Amino acid sequence: PMRVRMLSLGRHWNPLTYRYEATRADFDNAAVPPVPEAFASLAARLADDAGFPGFTPDICLINYYGPEGRMGLHQDKDESRASIEAGLPVVSISLGATARFLFGGLRRRDPVETFLLESGDAFVFGGEARLRYHGVSRIIPGTGPALGFEGRINLTFRRY
């Protein structure tokens with residue numbers, strides 16, 4: 001189950017069609033705002049530090065997880081075939097409350113590792129790990145810095 005609010009930059013994730021689109025076709029047909037250069041530069045630096053030089057994200061999903069937020073195990077496999085085959089990374093940045101992050105294998109039934117992602121943490125996976133199942137099982141209330149909201153914001157960068 002997915003219990004988050006989502007904003008897309010660069011390309012819109014349409015949950016009805018399970019596709020990235022240039023407009024918000026499921027909502028108001030408006031054009032999707034671009035990924036801010038400062039965001040893209042940060043994601044590129046994090047990818048480079050993790051061993052993925054030259055990464056240039058063109059998608060940023062901003063997910064808000066309230067205190068009851070969660071996202072079931074899934075693969076990020078809806079980017080272009082070229083992006084997936086190249087093993088281009090997914091770069092994730094956490095802000096706010098700590099999340100219990102699940103990181104599994106290439107099959108849904110593979111064993112799952114659990115990590116606590118705290119505010120300011122970055123998690124980068126690509127290459128052979130690009131299609132590993134992952135998710136958020138819970139948000140731990142009261143664990144984040146005072147940012148003016150409860151819950152967690154996650155910025156996830158990809159290359160279509």
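**Figure 1. Histidine 12 lies in strand E3, which covers residues 12–14.** The model shown here and in the other views is predicted. Histidine 12 has a relative accessibility of 10% and so counts as buried, the limit being under 20%. Its side chain makes a polar contact of 2.6 Å with the side chain of aspartate 26. Beyond its neighbours within four places in sequence, histidine 12 is in contact with Arg19, Tyr20, Glu21, Thr23, Arg24, Ala25, Asp26 and Val32.

**Figure 2. Tyrosine 18 and asparagine 29 each have a positive phi without being glycine.** Tyrosine 18 is placed in the loop between E3 and strand E4 (19–21), and its phi is near 55°. Its relative accessibility is 57%, so tyrosine 18 counts as exposed. Asparagine 29 belongs to the loop between E4 and H1, and its phi is about 65°. With a relative accessibility of 53%, asparagine 29 also counts as exposed.

**Figure 3. Proline 33 is in the loop between E4 and H1.** At 34% relative accessibility, proline 33 is classed as partly exposed. Apart from neighbours within four places in sequence, its contacts are Ser8, Leu9 and Gly10. Proline 33 and phenylalanine 157 are separated by 124 residues in sequence, and their C-alpha atoms are 14 Å apart in space.

**Figure 4. Helix H1 runs over residues 37–49.** The helix has 13 residues, and at 1.5 Å a residue it should span 18 Å; the C-alpha atoms at its ends are 18 Å apart, which agrees. Which residues of H1 are buried? They are Ala40, Ala43 and Ala47. These three residues cover an arc of only 65° around the axis, so they are on the same side of H1. An α-helix has 3.6 residues a turn, so residues three or four places apart point the same way. Glu37, Ala38, Arg45 and Asp49 are exposed on the other side of H1. Just after the helix, glycine 51 has a positive phi of about 95°.

Figure 5. Is asparagine 154 buried or exposed? Its relative accessible area is 4%, so asparagine 154 is buried, the limit being under 20%. A polar atom of its side chain lies 3.2 Å from the backbone oxygen of isoleucine 93. The side chains of asparagine 154 and threonine 156 are joined by a polar contact of 2.5 Å. Leaving aside neighbours within four places in sequence, asparagine 154 is in contact with Leu61, Ile62, Asn63, Tyr65, Ser92, Ile93 and Ser94. Isoleucine 93 is therefore found both in this list and, through its backbone oxygen, beside a polar atom of the asparagine 154 side chain, a residue that is itself buried.

**Figure 6. Proline 145 sits in the loop between strand E11 (134–140) and E12.** The relative accessible area of proline 145 is 41%, which makes this residue partly exposed. Gly96 and Ser119 are its contacts once neighbours within four places in sequence are left aside. Proline 145 is 48 residues from alanine 97 in sequence, while the two C-alpha atoms are 7.3 Å apart in space.

**Figure 7. Two arginine residues lie over tyrosine rings.** The charged end of arginine 11 is placed over the ring of tyrosine 160, at 3.9 Å from the ring centre. Arginine 152 lies over the face of tyrosine 65, and here the distance to the ring centre is 5.1 Å. Tyrosine 65 is also one of the contacts of asparagine 154.

**Figure 8. Five phenylalanine residues form one aromatic cluster.** Which residues make up the cluster? Its members are Phe101, Phe103, Phe115, Phe123 and Phe125. In the structure as a whole there are ten aromatic pairs.

Technical notes. Residues are numbered from 1 along each chain as its sequence is written. This is a predicted model: local features need pLDDT of at least 70, side-chain atom pairs count only at pLDDT 80 or more; totals for chains, interfaces and linings use all residues. Side-chain values use heavy atoms; hydrogens and water are left out. Rings of Phe, Tyr and Trp (its six-membered ring) pair if their centres lie within 6.5 Å; planes under 30 degrees apart count as stacked, over 60 as edge-to-face and the rest as tilted. A charge sits over a ring if NZ of Lys or CZ of Arg is within 6 Å of the ring centre and within 35 degrees of the ring normal. Helices (H or I, at least four residues) and strands (E, at least two) are DSSP runs, numbered from the N terminus. The expected span of a helix is 1.5 Å times one less than its number of residues. Buried means under 20% relative accessible area, exposed over 50%, partly exposed in between (1.4 Å probe, protein chains only). The arc is that of the directions from the helix axis to the C-beta atoms. A polar contact is a pair of N or O atoms within 3.5 Å; within protein, one must be able to donate a hydrogen and the other to accept it, and residues adjacent in sequence count only if both atoms are side-chain atoms. Contact means heavy atoms within 4.5 Å.
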